[in-house]
Every structure is written in C-alpha cells, then in structure tokens.
There are 2 protein chains.
Amino acid sequence: MENDPRLSLRLHFNKGLTFGRGKADLLQAIAEEGSISAAGRRLGMSYRRAWALVEDMNGHFHAPLVDSSRGGAKGGGASVTELGQSVLADYRALEAMLRDAPQIATLRMALEGDISEQK
Amino acid sequence: MENDPRLSLRLHFNKGLTFGRGKADLLQAIAEEGSISAAGRRLGMSYRRAWALVEDMNGHFHAPLVDSSRGGAKGGGASVTELGQSVLADYRALEAMLRDAPQIATLRMALEGDISEQK
DNA sequence: GAGGGTTATGTCTGCCGGGACATAACGGAG
DNA sequence: CTCCGTTATGTCCCGGCAGACATAACCCTC
C-alpha cells in the first residue's frame, strides 16, 4: 500500500469486532481486483485468511460489506458494497486525521530511533 | 476507567511498539496510585503483566515513562515521568478526537446491534 | 531485627490465532 | 464436456503470547 507503514490504527468495537489496516487494505484490494482470492494474493495472504476476514466483517455489520458469487473465468467474483466503500472511506479519513494530528508528531519524537528517518 | 468501553484505539508504531488502552490506563493508574503493583491490582491484571507493559514502554521510548524504586512501606514505588504524562495526555487527546469524529458515528450506525444501547 | 509491601525476573503451561493443506461446489470460456 | 479460476468450508498443527506460580533483592516502619 501507499500508506505510511510507521503508524497504523486499529479500532476496537463493542461486539468483538476489530477493524484495522488489514481489513481496510483487503477491502480496498477487493474493490480494485474484483476478487477475494486476487486481493489475497496481492496482499500476500492466503485465501483462507482473506475470506475469514471478509466473513468477520460481513457478520459484524448489519449488511454485508462484500458481495460475492461463485464461479471462475469472469463468472463469479466479489465486489465491495456501497456500505463497504463507505466504511473504507471512513476508516481512511480517520487514518488521515490521526496522521496529521500534532500529538502524533510529539509521540514520534519521543520514540527510540525515530529521529533518524525524517530525512 | 470512566472511558467509553465501546471504542478503543491502538497505535502501531514502527519498532514493534503498540500503544493502546491497556498501557494508557496502566500509566494513568500508576500516576494515581504511585505503585505498579497497586495499579495492576486496580486494573485486575497481574503484577507480572503490568511490569512487562512498563518495561515495554520504557524500552521503546528514548527515556523512561515510569520511574521506579524498590522497597515497600512507602519506601519505593513508581511514578510517571514528565514524558510519561505527556504521552498519556497525547493519547487521551487522540482518543477524544477520534471519539468525536463524525466518521465514528457513521461506523457505529452500520454495526450490528449498536443502535439499541444509546439510551 | 522482624514483617510487610514493593520492584524485578525466571520458568512453565495452556490456549488460541494463523498458516498450511485438502476438498467441495460452482460458473463461464473454449 | 473439459478446464480453469473462484467462492466456501473443514482440519491439523505449530509458535507465540498470556496467565499462574515461584523467588530474589530491596526498603521503610515498628
């Protein structure tokens, strides 16, 4: 991803759902690839895991974030629903808001060995 | 803690450090109790774990967040350094900023069974 | 000096999350 | 009808993390 690897955000919600970079990137990759397995390959994770994450997301929201249908050769595949795109956009916005927050800069400066890499 | 249990924030930094509610609450409890073990008791975690978290924090920042000295009966104990208080304040500020973000409200509404509990 | 509360550290075990592997069911292309 | 790529699901196993237990060193109060 083109995102800053030095900082990532994970949200913990009430019902055991955690939403972080992993699910966000997966959602984005599915939207761009049109397939769960292709997205998984691109992100270097097994299809098993990618599907598990999708199932988790779909189960915790009141409507699925990812629609999917079986069959290969352009037959089946997966797509991100409106809700899914909305969730993804919200997460990215929060990520950006956080990244630009002054407190993050303060914390970074207090970290060990983080001074060197702001060339 | 008096904080909203339905949402929590975890920051992932570059060098394997993760800072979330656990460490933040611990830091705050140490500041208020003046002792690692007392803080651990209050939060319902073992001293072993509390100390491990402190060690992790102190190791990842360029200066310790918690000062400690041995001995009981008001002899030793632990206190949160200026840096520690600053880090804690920064985290609380980010938490608040996040909690009040409109995207969080949007996400909450999309979650399963989250509508009922806003009495 | 005895006792209690504290920091600091070692070790063991159980659990569970994730990775690896396997398989079924399906659908379009050719 | 065959083949390929996909969704969907089951099972096994291993590593790492968390909790439980144990101990040492320390320091103040009484």
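My entries below go from the ground rules to the interface, the symmetry, the sheet and the salt bridges.

**Ground rules.** This is a predicted model, where local features need pLDDT of at least 70, side-chain atom pairs count only at pLDDT 80 or more, and totals for chains, interfaces and linings use all residues. Residues are numbered from 1 along each chain as its sequence is written, chains are lettered from A and ligands numbered from 1 in the order in which they are written, and side-chain values use heavy atoms, with hydrogens and water left out.

**Interface.** I started with contacts, meaning heavy atoms within 4.5 Å. On that count, 33 residues of chain B touch 32 residues of chain A. Next I looked up the buried area, which is the accessible area (1.4 Å probe) that two parts lose on being put together, summed over both. For chain B and chain A it comes to about 3300 Å², with carbon and sulfur atoms giving 65%.

Then I went through the polar side. A polar contact here is a pair of N or O atoms within 3.5 Å; within protein, one must be able to donate a hydrogen and the other to accept it, and residues adjacent in sequence count only if both atoms are side-chain atoms. I get five residue pairs in polar contact across the interface of chain B and chain A, both residues at pLDDT 80 or more.

Which elements of chain B supply at least two residues each to the side that touches chain A? They are β1 (8-12), α3 (47-60), α4 (82-99) and α5 (102-110). Helices (H or I, at least four residues) and strands (E, at least two) are DSSP runs, numbered from the N terminus. α4(B) gives the most, with eight residues.

**Symmetry.** I superposed the copies by least squares on the C-alpha atoms of residues with pLDDT of at least 70 in both. A rotation of 180° with 0.0 Å of shift along its axis puts chain B on chain A, RMSD 0.0 Å. That is the relation of a two-fold axis. In chain B, the C-alpha nearest the axis belongs to B:Arg10, 2.6 Å from it. The same surface serves both copies, as 97% of the contact residues of chain B recur in chain A.

**Sheet.** Strands count as paired if DSSP finds at least two bridges between them. β1 (residues 8-12) of chain A pairs with β1(B) in the antiparallel sense over five bridges. I noted that A:Arg10 has B:Arg10 as its bridge partner, while A:Leu9 partners B:Leu11 and A:Leu11 partners B:Leu9.

The open sheet has four strands in the order β2(A)-β1(A)-β1(B)-β2(B), with antiparallel pairing. β2 (18-19) of chain A and β2 (18-19) of chain B stand at the edges with a single partner strand each, so one side of each has no neighbour in the sheet.

Within chain B, β1(B) and β2(B) pair over two bridges, and B:His12 has B:Thr18 as its bridge partner. Their hairpin has five residues between the strands, and B:Gly16 takes a positive phi near 80° there.

**Salt bridges.** My rule was a side-chain nitrogen of Lys or Arg within 4 Å of a carboxyl oxygen of Asp or Glu. How many turn up over all chains? The count is 14, but across the interface of chain B and chain A it is zero. One I checked joins A:Lys23 and A:Asp56 at 3.2 Å, N to O. A:Lys23 lies in α1 (residues 21-33) of chain A and A:Asp56 in α3 (residues 47-60) of chain A, so the pair ties together parts 33 residues apart in sequence.
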